[in-house]
Amino acid sequence: MTDLLYTDVEESLRGSVRSTLQRSLDEGLPARLADEPDTDVSALWRTLAEQLGVAGLLVPESLGGVGASAREAAVVLEELGRAVAPTPFLTSAVVATTTLLSAGDETHLPRLASGEVVATLALPWTARRGAWSPVDGVVAPVAGALTADLFLVPVTDDGGETSLRALGRDDVELEPITSLDMTRPLARVTVTGQGSEIATGDAARAAVDAGLAAGAALLASEQLGLAQWSLETTVEYAKTRVQFARPIGSFQAIKHRLADLYLLLVGTQAAARQAAGVLADDPHGPEAQIATATAAAYCSDAAVRATEEALQLHGGIGMTWEAPVHTRLKRAAADRLALGTPDRHRSDLAALVDLPVS
């Protein structure tokens, strides 16, 4: 049975990531990116990659990485989600890295592990395991493309087989797309070069599926971080906001809503931890697919509900641009469409456990 508790190593990693984000991430940056999308945010990623080694967390030590598992990556994503940090960790250090690991690549992974190169899997951000098509010239919307140096593009070769190719920045043309969540910018990618082949046929499709599956499983941990921030911030606000000469947290209606939010958070944490644990222990087993579909469906909706509750319970101040609540709500709403919608994952789950789909 998967252990849902955090180890001392994971808690130490959490503390390091959180303290680094507190030092290096301007709290107002996520909101400013909506008006200043060209702001250079690469310094934050360099800090995380160089000081903490998060870029190579999933890369084996033999290839210059840390050799950690999905459990540690999940903890990092919880903290990045809490801070809505504009980093390519999910797209590069999880999705693209897992794709390359599954394909048996040893050429590009050392550079990804060092943080020297940022990669992205050039598929629509809504794609999920087993539900994607090879790229035919243009693909959109692609997350992480604007800051990427390496593009992993599945195409159809002359023989009709799927070919996973590695393209450089000179082999593509990029067009920014306005996103609801500008901390994770999207782009339209036009393939103009050939690049080099990493894998072909079944191996290529399996590698892409592995990357998408890992992304969906660990995205749940980012959503958990959003829900945790929403509850903790709202509880603190309810303690200090006074209405009718009393803290609003003393009102029965507010207590009940916060209690419901806590129960939602407990379920979200269980689903996210299960997905990360199974991915670490047996990523290719049937239980991993079930845990991923469950977490992707549950945590997506939970993050949106938690951030909506945070905005509502903050009252009028929560509706303002200066308050940070809207940045979490935007990330949660955007995440609900990423790597498969909740409805798609529920359909996948129904098939996995032999339930009829209406």
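In which order do the four strands of the open sheet stand? The order is S1-S3-S4-S7, and the pairing is mixed. Strands here are DSSP runs (E, at least two residues), helices likewise (H or I, at least four), both numbered from the N terminus. Two strands count as paired if DSSP finds at least two bridges between them.

This is a predicted model: local features need pLDDT of at least 70, side-chain atom pairs count only at pLDDT 80 or more, and totals for chains, interfaces and linings use all residues. Residues are numbered from 1 along each chain as its sequence is written, and side-chain values use heavy atoms, with hydrogens and water left out.

**The sheet and its helices**

Strand S3 (residues 150-156) runs antiparallel to strand S4 (residues 162-168), and seven bridges join the two. In this pairing, Thr156 stands opposite Thr162 of S4.

Two helices pack on the sheet. Helix H5 (residues 89-103) touches S1, S3, S4 and S7, and its direction makes about 75° with that of S1. Helix H7 (residues 202-240) also touches S1, S3, S4 and S7; its direction makes about 65° with that of S4. Contact means heavy atoms within 4.5 Å. Axes are lines fitted to C-alpha atoms, for helices over the stretch in contact, and angles run from 0 to 180 degrees between N-to-C directions.

**Thr234**

Thr234 is in helix H7. Thr234 counts as buried because its relative accessibility is 2%; the classes are buried under 20%, exposed over 50% and partly exposed in between (1.4 Å probe, protein chains only). Leaving aside residues up to four places away in sequence, Thr234 touches Leu258, Ala310, Leu313 and His314. Ala310 is 76 residues from Thr234 along the chain, yet their C-alpha atoms are separated by 5.7 Å.

**Charges over rings**

A charge sits over a ring if NZ of Lys or CZ of Arg is within 6 Å of the ring centre and within 35 degrees of the ring normal.

| Charge | Ring | Distance from ring centre |
|---|---|---|
| Arg205 | Trp132 | 4.4 Å |
| Arg328 | Trp229 | 4.1 Å |

**Annotated region**

The unreviewed UniProt entry annotates residues 8-116 as "domain: Acyl-CoA dehydrogenase/oxidase N-terminal". Such annotations may be inferred rather than shown by experiment; positions follow the numbering used here, and feature names are shortened. Over residues 8-116 the chain is 61% helix and 0% strand. The end C-alpha atoms of residues 8-116 are 29 Å apart.
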